Amino acid sequence: MDAVFAPRMAAATPGLRARADAVRNFAFQALAVLSIALGGWYLAWRWTASLNPEALGFAVVVAVAETLAFVGAVLFFLSIWRAEDPPARPPPRTVNDIRAEPLANDRPIRVDVMIATFDEPVGLVRLSVRDAKRLAYPHPIALRILVLDDGRRPELRLMAEEEGVEYLTRPTNDGFKAGNLRNGLEHTDGDLVVICDADTRPLPALLEETLGHFRDPDVAWVQTPQFFYDVDPGVRLPEWLARRARLGRIGRGLGVAVEAVVGPVAVGADRLGTDPHAFYDVVQRCRNWCNASFCCGAGSIHRREAVIDAAVAQFGEAVAAAVRPFTRGVTDPGLRATLAVTLAAQAARHLELTPYAFHVSEDVCTSIRLHADPDRRWRSVYHPRVLTRMLSPQDLLAWSVQRFKYASGTLDIALHDNPLRRRCLTSWQRVMYGATMYAYLSPLWTVPLMLAPVVYFLAGVTPVRAYDADFAAHVVPFLAASRLALLAGTWGVLTHRGEQYHLASFWLNLRALAHVLARRPLRFPVTPKVASARRSVRLVVPHLLLLGASAFGVVYRGVLLAGSPAAGTTTAYVANAFWTLHNAWALLPFVLAALLPRRPREVAP
Amino acid sequence: MLHLRVEQRNGALVVTPLAPRLDAEAALELRTRVAALVRGRQRVVLSLEHVASMDGSGLAALIALLKTMPPGGELRLAHAGASIRALLARTRLDELFPEVDDPAAAARE
């Protein structure tokens with residue numbers, strides 16, 4: 001499984017990419033403005049002229065859902081407004097090349113590679129360690145590789161000894177991965193820290209390509225795309241039509257023509273919808289220009305100074321906040337000072353200094369903390385080339401554990417520590433964080449929108465007055481323009497799987513929202529790296545119910561319509577059937593991933 | 001290696017790092033060697049007359065030191081320069097690490 005690997009974007013040279021970005025940005029921005037204008041026009045009409053008076057409650061619910069969805073689309077378009085890669089800079093020679101204040105005695109840069117593990121197989125961690133040992137750098141560099149084992153396993157210590165790398169463990173598991181990394185930081189003094197999960201395998205060029213960004217002393221971290229080397233890349237459409245569908249040259253031509261219009265299509269790719277490259281190639285790339293790309297943990301390189309300084313500032317803030325209520329009323333300055341000292345020492349004892357926030361979404365928390373630092377304008381860089389590879393979640397259960405963590409973590413931040421309330425973020429940073437948080441509220445509109453056709457099929461009521469030419473004239477231009485805008489904005493990136501899974505995650509996101517609203521504790525489960533043979537039927541019960549109800553509804557309303565024209569109009573039926581088919585298209589891969597048995601993969605060599 | 005001068009004055013432990021910078025490198029030794037000296041002490045004074053600058057890592061190590069001391073213990077700083085004072089004020093930790101002008105006076109309090 002090793003020999004076949006080649007970085008995905010190896011062929012893309014920076015110059016070509018920049019030119020393509022200019023075209024992409026212009027085409028996308030024009031289409032996005034058009035679709036936002038058409039969407040506003042459609043919604044204005046929808047609210048003023050189309051609500052069905054015979055089912056007003058239903059009509060309003062659907063119209064509210066459409067409006068929320070539109071807000072989401074606007075935010076998403078803004079969040080991918082501009083794609084821009086950071087300029088490449090040569091690898092720094094010594095530590096003074098990356099420091100704001102040079103040291104009197106210059107020296108090679110110190111880099112600590114931290115591989116955080118808890119219960120992953122030793123063979124898997126060994127792969128990561130071996131790849132870390134192959135890291136190359138054109139100048140002298142002081143490289144330390146540390147296995148941070150929260151599982152306190154003798155066999156892992158032995159492996160580290162065999163590989164000649166350092167092994168660190170700690171008596172507790174406080175703070176889980178964030179606490180584990182903190183322990184690593186407390187035992188090292190590297191200028192830069194590479195964060196790896198147990199399965200993160202760096203490519204030799206990781207440091208050589210990314211350290212140049214740290215020549216800017218304000219750069220706090222560089223994130224590289226996470227690349228799952230075990231995801232099925234599928235078969236490209238021309239190839240599939242020519243070979244698998246046995247259409248020969250005609251098929252290939254057809255495939256090429258289709259791809260020319262809609263961008264690349266890969267049949268059977270990534271059935272589990274785990275491939276994160278749409279997120280990295282589109283979302284993260286488009287956050288670079290306004291300093292809003294965020295840290296995603298594995299595959300990132302951090303400046304120790306940034307992480308520690310921000311953590312110390314936050315700690316000081318917390319100490320001051322604990323002291324303030326007691327000293328506020330004390331008028332005598334001497335007494336107040338004495339009291340403050342005593343109280344501060346007491347408070348500090350109970351507070352944690354956390355370089356990485358003790359939170360389910362520690363990476364997002366850390367990003368916000370650094371972006372919003374009032375003392376220092378830290379910058380983040382998204383480096384667009386794949387420089388690490390890792391394992392994807394191995395089955396739907398693992399996928400769900402991971403996504404639930406992301407969803408509940410982000411929603412928790414949104415509700416209890418909302419970055420939009422922080423003064424020091426720029427407007428564009430607010431838009432970017434806002435778009436991320438808003439996207440996790442999506443079940444609030446996707447669920448009503450998916451249920452609307454079912455309600456129509458079973459009860460015969462429609463949310464609009466009529467599915468007539470007027471309706472079509474308003475909605476079709478908007479939908480067409482949004483599709484085109486999305487196509488331009490994500491050109492060259494496969495997004496359909498992501499779209500399907502976005503809709504199919506409605507139940508998971510709804511559970512996450514309920515979980516956070518109920519203020520239930522957020523757990524930090526480690527995403528399982530080994531597939532279980534178990535099928536995950538319970539994860540798709542709501543989806544099966546929805547699909548079943550839709551299928552039944554289509555037949556039921558069809559039979560009624562065939563029997564008596566009074567049961568509704570054909571256009572209403574066709575419009576709802578079309579929408580239902582779209583929903584089924586979105587849900588089916590998710591359902592199949594849960595129901596079809598999967599072969600567990602080998603992870604150890 | 002971080003060189004230290006350690007003295008006992010009027011019941012307080014006075015630790016004087018003989019290094020120009022308390023940074024990530026020095027922090028490692030503060031966390032290990034100095035932490036071992038400080039453990040269980042009520043009054044500790046860190047005399048910074050040789051220290052020209054301190055960074056977040058150094059400050060984080062001071063926090064770790066304080067946490068190893070028993071409840072009611074105080075870690076005081078003496079001879080802090082302007083840049084260290086600015087760091088303490090910026091991070092709002094000046095109340096946590098009160099300053100004294102003279103280590104001997106601090107120890108008497």
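**Walking through the model**

Colleague: Let's start with one residue: in which loop does A:Gly175 lie?
Modeller: Keep in mind that this is a predicted model. Look along chain A for β3 (166–168) and then α5 (176–186). A:Gly175 sits in the loop between β3 and α5 of chain A.

Colleague: Okay, and is A:Gly175 buried or exposed?
Modeller: We count the other C-beta atoms within 10 Å, and 20 or more makes a residue buried. A:Gly175 has 20 of them, so A:Gly175 is buried.

Colleague: Which residues does A:Gly175 contact, leaving aside its neighbours within four places in sequence?
Modeller: Here's a hint that the chain folds back: A:Glu352 is 177 residues apart from A:Gly175 along the chain, yet their C-alpha atoms are separated by 9.9 Å. Once the neighbours within four places are set aside, the contacts of A:Gly175 are A:Arg182, A:Thr354 and A:Phe358.

Colleague: Now the sheet in chain A: which strands stand at its edges?
Modeller: This open sheet has 7 strands in the order β3-β2-β1-β4-β9-β6-β10, with mixed pairing. A strand with a single partner has one side left without a neighbour in the sheet, so the edges are β3 and β10 (379–382) of chain A.

Colleague: What is the bridge partner of A:Ala116 in β4(A)?
Modeller: In general, strands of a sheet pair through backbone hydrogen bonds, either parallel or antiparallel. Strands β1 (109–117) and β4 (192–197) of chain A run parallel and are joined by 6 bridges. In β4(A), the partner of A:Ala116 is A:Asp197.

Colleague: There's a helix, α10 of chain A, lying across β4, β6 and β9; at about what angle does it run to β9(A)?
Modeller: Find residues 304–327 for α10(A), and 300–303 for β9(A). With the helix lying across the strands, α10(A) runs to β9(A) at about 65°.

Colleague: Which helices do the buried residues of α19(A) pack against?
Modeller: Start with the buried residues themselves: A:His543, A:Leu546, A:Ser550, A:Gly553 and A:Arg557. They pack against α15 (443–459), α17 (496–504) and α20 (570–595) of chain A.

Colleague: Over to chain B: which residue of β7(B) stands opposite B:Ala78?
Modeller: The open sheet in chain B has 5 strands in the order β1-β2-β4-β6-β7. Its edge strands are β1 (4–9) and β7 (99–100), each pairing on one side only. Strand β6 (74–78) pairs with β7(B) in the parallel sense over 2 bridges, and opposite B:Ala78 stands B:Val100.

Colleague: Last one: which element gives the largest share of the side of chain B that touches chain A?
Modeller: There, 22 residues of chain B are in contact with 22 residues of chain A. On the chain B side, the elements giving two or more residues are α1 (24–38) and α2 (56–68). That side divides into 11 nonpolar, 3 polar and 8 charged residues. The largest share, 7 residues, comes from α2(B).

Terms used. Residues numbered from 1 in each chain as written. Chains lettered and ligands numbered in written order. Predicted model: local features only at pLDDT ≥ 70, side-chain atom pairs only at ≥ 80, totals over all residues. Contact = placed C-beta atoms within 7 Å. Helix = DSSP H or I, 4+ residues; strand = E, 2+ residues; numbered from the N terminus. Nonpolar A, V, L, I, M, F, W, Y, C, P; charged D, E, K, R; others polar. Buried ≥ 20, exposed ≤ 12 C-beta atoms within 10 Å, placed from the backbone. Pairing = 2+ DSSP bridges. Axes fitted to C-alpha atoms, helices over the stretch in contact; angles between N-to-C directions.
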